[in-house]
Amino acid sequence: SGRVISPDGTLVVTDGAEITQAVIEVAVAKINGTVEGNIHATKELVLGRSASVTGKVVAPALTVEEGAQLNAKCRRR
C-alpha cells in the first residue's frame, strides 16, 4: 500500500504484483498486476491482459486489453 508520485515518470506493475490502498499519480501507468485504489495518469493508462484494477481512474487515454478487469469510476482528463 502507499503513494507513488512521479509527474514525468512511468509506473509498471508486473503480473502477480498487488498494490492496495494505492494513490498513484504518474504520467504513464502500465498495469499487469492488481491495483486497488486511485490512479491518475496525466498521459496514458494501459491495462494489460492480466490487469485487475478497482477504484478511481483518471487519464486522457485508456487502453484495456482483452482479459483485463476494470471495476472503477473512470474520468477522462
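How many helices and strands does the protein chain have? There are 0 helices and 6 strands, where helices (H or I, at least four residues) and strands (E, at least two) are DSSP runs numbered from the N terminus. The model is predicted, so local features need pLDDT of at least 70 and side-chain atom pairs pLDDT 80 or more, while totals for chains, interfaces and linings use all residues. Residues are numbered from 1 along each chain as its sequence is written, and side-chain values use heavy atoms, without hydrogens and water.

Along the sequence the pattern reads β-β-β-β-β-β. The C-alpha trace spans about 25 × 25 × 20 Å along its principal axes. Of the 77 residues, 34% count as buried (under 20% relative accessible area; exposed is over 50%, partly exposed in between; 1.4 Å probe, protein chains only).

Side chains of opposite charge can pair when their charged atoms come close. The count here is 1 salt bridge, defined as a side-chain nitrogen of Lys or Arg within 4 Å of a carboxyl oxygen of Asp or Glu. Arginine 3 pairs with glutamate 25, with 3.5 Å between the closest N and O atoms. Arginine 3 is in strand 1 (residues 2–13) and glutamate 25 in strand 2 (residues 18–31), so the bridge ties together parts 22 residues apart in sequence. Arginine 3 is exposed at 56% relative accessible area, whereas glutamate 25 is partly exposed at 31%.

Arginine 77 lies in the segment after strand 6 (69–75). With a relative accessibility of 61%, arginine 77 counts as exposed.
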